[in-house]
Amino acid sequence: MKKMKVKNMVMLVLTALIWGTAFTAQSVGMDYLGPFTFTSVRSLMGGIVLLPVIWVFDKVNANAERGREEKAEKDRKRRDLICGGALCGLALCTASNLQQIGIQYTTVGKAGFITALYIVLVPICGFFLGKRAGLKLWGSVVIAAAGLYLLCITEKFTIGKGDFLVLLCAAVFTVHIMLIDHYSPLVDGVRMSCIQFFVTGVLSAIPMFLFEKPSLSQLAAAAVPLLYAGVLSSGVAYTLQIVAQKGVDPTVASLILSMESVFSVLAGWLILGQSLSVREILGCVLMFTAILLAQLPEKPREVKKA
């Protein structure tokens, strides 16, 4: 397993924190807008927010990078950037809309747990792609899954229509994490994030105009949750994810990102005054235990002498 830098871990934890607190914004926004409209607008806002950031970075790095790369190398990076941004955007569009639609037919607790099943799906997917996880990581996955269950599931677990849609969302988020793991070392993370948001926004706009009828009054009423979800949850958090995942084992990254469920419960306790049950506190403890276990260094294998 690749060693994780402290700054990468901090960025991933911050990403999980923003995503966890964004559940409130998503819930309030759905009171005024349809799922495709909310996803489209927040994604376009996320892309627009990153445009001036890219411009500033280009100005700062213009002189340092001038003439260092050959044309063939620049063309390769451009192809990887476009391909990576488009594929990540397609995955993000599919996962986000499945989640927004599915959460209408299931409880928030179930949706949070099922979505976070990517912590189990990522190492399984990585196993088939040759990215084998050690026993320590698999142990972390089991502990984290148990923690999420205690944290989110408060009623009898059944697979209904909404549950199935959110399960598909978790599968697609797994693909999204694996795509970022592949492309983030090859391209500029901020640029790829910007492209994925515009792809997500444009693709979501198609069913938005076909099945929903958004109005300016609805958009105005949902302005605050849209700004939070668009600027922070989309523009900032997803970009932090792409930048932080560079050089980080995708299984470890998925474990840290799954802490969004922990932060959503803690935010409800601190901001809304909702009390935490013993079961939920135990779930938080298990989640943090899994994260810490995943960061412990692996013991080097002893080489047997002939």
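How many residues line the largest cavity, and which of them lie nearest its centre?

A: Quick housekeeping: this is a predicted model, where local features need pLDDT of at least 70, side-chain atom pairs count only at pLDDT 80 or more, and totals for chains, interfaces and linings use all residues. Numbering runs from 1 along each chain as its sequence is written, and side-chain values use heavy atoms, with hydrogens and water left out.

The lining of the largest cavity has 21 residues, and Trp19, Gln99, Phe173, Tyr238 and Glu260 sit nearest its centre. A cavity here is a set of points on a 1 Å grid over the protein atoms alone where a 1.4 Å probe fits but cannot get out, and lining residues have an atom within 4 Å of a point. Counting those of 30 Å³ or more gives one cavity, and the largest holds about 260 Å³ of space; volume is the space filled by probe spheres set on the points, which are joined across faces, edges and corners.

By class, the lining splits into 10 nonpolar, nine polar and two charged residues. Nonpolar means Ala, Val, Leu, Ile, Met, Phe, Trp, Tyr, Cys and Pro, charged means Asp, Glu, Lys and Arg, and the others, Gly among them, are polar. At least two lining residues come from each of α1 (6–29), α2 (35–65), α3 (71–102), α7 (161–183) and α10 (223–244); helices are DSSP runs of H or I, at least four residues, numbered from the N terminus.

The axes of α1 and α12 (residues 260–270) come within 7 Å and cross at roughly 50°, with axes fitted to C-alpha atoms over the stretch in contact and angles running from 0 to 180 degrees between N-to-C directions. The two helices are therefore oblique, the label left over once under 35 degrees is roughly parallel, over 145 roughly antiparallel and 65 to 115 roughly perpendicular. Their crossing is right-handed, i.e. the near helix is turned clockwise from the far one by less than a right angle.

α5 (residues 118–128) packs on α7 at about 55°, axes 9 Å apart, which makes α5 oblique to α7. Phe173 belongs to the α7 side of that contact, and the α5 side includes Leu121 and Val122.

How values were computed:
1 Å grid on protein atoms, 1.4 Å probe; cavity = no way out; pocket = protein on both sides within 12 Å on 5 of 7 lines; lining within 4 Å. Contact = heavy atoms within 4.5 Å.
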